[in-house]
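Work through the exercises below using the sequence and the coordinates. Each task is followed by a stepwise solution.

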Amino acid sequence: MSVSNNDENKVFGIVFRTPPKDSTGIPHILEHSVLCGSRKYPLKEPFVELLKGSLHTFLNAFTYPDRTCYPVASTNAKDFYNLVDVYLDAVFFPKCVNELQTFQQEGWHYELNDPAEDISLKGVVFNEMKGVYSQPDNVLGRISQQELFPDNTYGVDSGGDPQVIPKLTFQEFQEFHRRFYHPSNARIWFYGDDDPNTRLNIISAYLDQFEASNASKESEIKAQKLFSEPKRIAEKYPVGDASDIKKRHMVCLNWLLSDQPLVLETELALGFLDHLMLGTPAAPLRRTLLESGLGDAIVGGGIEDELFQPQFSIGLKNVADNDVQQVEELILSTLKKLADDGFTSEAVEASMNTIEFSLRENNTGSFPRGLSLMLRSMGKWLYGKDPFEPLKFEKPLEALKARIAQDGPKAVFSPLIEKFILDNPHRVTVELQPDPKKASQDEAAEQENLKKLKSNMTEEDLAELARATKELRLKQETPDPPEALKTVPSLSLHDIPKKPIHIPIDVGEIEGVKVLQHDLFTNDVLYAEVVFDMRPLKPSLLPLVPLFCQSLLEMGTKDMDFVQLNQLIGRKTGGISVYPSTSSVRGKVEPSSHIIVRGKAMAGRVDELFSLVRMVLQDVQFSDQQRFKQFVSQSKARMESRITGSGHSIVASRMDAKQNIAGWVGEQMGGLSYLEFLRNLEKQVEEDWSTVAGLLEEIRSSIFSRKQVLMNLTADEKNLANAEQHVADLLSALPETNTLEIPSWDNRLSPVNEALLIPTQVNYVGKAANIYEAGYQLKGSAYVISKYIGNTWLWDRVRVSGGAYGGFCAFDSHSGVFSYLSYRDPNLLKTVDIYDGTVDFLRELELDDDSLTKAIIGTIGDVDAYQLPDAKGYSSLMRYLLGVTEEEREKRREEILSIRLKDFHEFADALEAVKHKGVVVAVASPDDVAQANQERPDFLTGKKVL
């Protein structure tokens, strides 16, 4: 499919139907492996070379339950075609089908360094899936899908079950590629402003090498027949603390909606129904469940229509053992009530406006628009339906609006609830029961199997395994020869603009308040940020800020309850959000810390946008104790999920909090300290609500004043001019409060090495230090070097030979903190040692001109990341707040473009500070931490978190 338009962010994708017959993870392992070298590009990982040295705006691959997608995107035509060629060669002619070691590295292998030691199981996908299987929400989603589809391909795990992955053989792996990675089974997508004929020439060069095959028939997805009666299932999931398991059950009701794909109008109507029931905090099904107090947070994704047959899932987590039945009854009775009573016209109008605004704005953030359309199109095309159908929303949308106008919303939505949900016997209720022993039992079972395996091996077998382990590591750690690296196409420095991307900015004043304006084409949408300085807040109030922000949008005013306010925002605007933002400022001790109110509306409704912003800031009342209690429970559940699923982000915020004030502030509002605060706050809200409500009011009166505000507006010149009066009205309504004495925020966490203990099969390991404090002076070369370290040394040692799913580093040029992080990592001390080895890696580094050019180009690709107009206006605001001038941006760019090998060698001196003075934080299992402290006594101070 070739889509031609004027979008410079060009997208290519090739998608294969890849239905697995078991849970060995074969499609997932193949997705990783085909990117490890091909016929035309015979190096270890062309994918990493592209990460290092291209201007890609997207470069990845992903495995669905029934398909594997390989998309790329770039705004530079030459770069784009380079990416397309590498990906086409990778999928059709990969080296991995003839290389057992790639299969072992990416999939699974036994590892034995010395015949006297224990055997271990390693593999990138194996460890990734151990991490996935440690996350309760993922466990619930997987079981729900498999129980809904017991008879077709969705009844197994395409990602791979860690207990089943080691059953996969290399021959099965080879055969899967031969069967399914064929043009007859491929869907190919192009999108953007490049020449359609060039696209076809590139494609035909590959497709002409194949004869037609039966692959498309073999990969057809069979429909799951509908059940004649509902089913129930109970499974265990791992939790940490045995004393706290009574209220840790999860329950989810799941329906398979149809035995065939639905027509577009029904699908669109179900999408609206989903938004009406669950899409906002005011949506009745979501609200009823959360207000019931039976659980802390919603689980289940509502309506999912990406697979062959659509499904609907909804439930609660953190439910008491004896309330599970009640949750099920409440879901069914609420759905029945919605079918009987229908939805209010205000709710329908709000949903209609929100969805229509979203479809017309087509704001996909940093995700390329063409890729978003591709994924939408594939949802039909893969199953033999019209690929254009999902892209044309205008007519079905108008037809749906006309039906609602003519017959009323009840006549449209109630029959859908009855037919697809209430009267549908294909329902599976899944209950997940907390089990504090499960994690250690699973680990013990794996160790027992490995011990048994070893005891059945001869001395020759063990010597052979140790030799194979050594050989694999040697291959992983041996650099590609220069002639192989040269095969990967690359841009030259002549293709790179010498100046940074300029975003227009006009700094003026309205009502005595500084207003930044960005004259950009936005398709008649005005984007606005109202930015309040948070520095007048007492430090003790900081942990309340995220809940304060939520309360502004989810509590009512004197005249309106929160449902009416929420619907009003939905009917009149494209949405309003409120959140805190904190960063260090280079050269200053004090951080930049703000509460940002962000909104957008069509040009004709800008007056209503600003009047609603004023209402949110001034009229919302902090009086609803029960709702606030729900916010606390939801936030606590969300934070606990983050620790198991994104432990690296918790590690990063914890390390930052040990380094500087901005880090400490951020951790108070979104790290482990925040979770601890929430756990104590639950009790306080119950016992002393008036004090909590008073503190929320204190935050409002401390911050929301005209003295502490800045405005940021993004639209075209005409719409900016039209907005000025409405901006003036908002600003003049703000009080003139004089700033009280600014309290001191001078805090940091203790700089000890820390292990945050949770039940997990994988770890997240970090190490960080402030290199400015060690004397490093910022140069643009630091961006190139830190990216290079991540794509070479850390990728090779932490991911490829260490078996972690990810290993990376980050340099915050505002604070001077350089940090290393790993993701879903089977190791702990070994990873810390790799971080410390970075210094020697840089000192001994030799780079030819090609490699240096690639490193520069890759960095410029990051610096010049593609942005939609709202993101450009927002980036400009952030630079303004952090004091980053155009002159400095030009200077840094010149330093990036003129980097030399000696800069890499000199940066090693800066990283000595991380090696010798850095602080280590890990989210890890108690067993791994105990083992680390045995090897290095008192290395980590343990802290039980879950």
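A nonpolar patch is made of residues with over 30% relative accessible area and no salt bridge, with nonpolar side chains joined within 5 Å. The model is a predicted one.

**Exercise 1.** Find which residues form a nonpolar patch on the surface, and give their accessible area together.

Step 1. The patch consists of Ile-505, Val-507 and Tyr-880. Together they have about 230 Å² of accessible area.
Step 2. Val-507 sits in strand S14 (residues 506-510).
Step 3. Val-507 has a relative accessible area of 44%.

**Exercise 2.** Locate the salt bridge partner of Glu-106 and state whether Glu-106 is buried or exposed.

Step 1. The partner is Arg-799, with the closest N and O atoms 3.8 Å apart.
Step 2. Glu-106 belongs to helix H4 (residues 100-106) and Arg-799 to helix H29 (residues 781-800), 693 residues apart.
Step 3. Glu-106 has a relative accessible area of 1% and is therefore buried. Arg-799, at 10%, is buried as well.

**Exercise 3.** Describe the largest cavity by volume and lining.

Step 1. Its volume is about 190 Å³.
Step 2. The lining has 17 residues; Pro-136, Tyr-237, Arg-248, Glu-640 and Ser-641 lie nearest the centre of the cavity.
Step 3. Helix H6 (136-148), strand S9 (231-238), strand S12 (311-319) and helix H23 (625-645) each give two or more residues to this lining. H23 gives the most, with four residues.
Step 4. By class, the lining of the largest cavity holds eight nonpolar, five polar and four charged residues.

How values were computed. Residues are numbered from 1 along each chain as its sequence is written. This is a predicted model: local features need pLDDT of at least 70, side-chain atom pairs count only at pLDDT 80 or more; totals for chains, interfaces and linings use all residues. Side-chain values use heavy atoms; hydrogens and water are left out. On a 1 Å grid over the protein atoms alone, a cavity is a set of points where a 1.4 Å probe fits but cannot get out, and a pocket is an open set with protein on both sides within 12 Å along at least five of seven lines; lining residues have an atom within 4 Å of a point. Grid points are joined across faces, edges and corners, and a volume is the space filled by probe spheres set on the points. Ala, Val, Leu, Ile, Met, Phe, Trp, Tyr, Cys and Pro count as nonpolar, Asp, Glu, Lys and Arg as charged, and the others, Gly among them, as polar. Patches are made of residues with over 30% relative accessible area and no salt bridge: like charges are joined within 9 Å, nonpolar side chains (Val, Leu, Ile, Met, Phe, Trp, Tyr) within 5 Å. Accessible areas come from the Shrake-Rupley method with a 1.4 Å probe; for residues, only the protein chains shown count as cover. A salt bridge is a side-chain nitrogen of Lys or Arg within 4 Å of a carboxyl oxygen of Asp or Glu. Buried means under 20% relative accessible area, exposed over 50%, partly exposed in between (1.4 Å probe, protein chains only).
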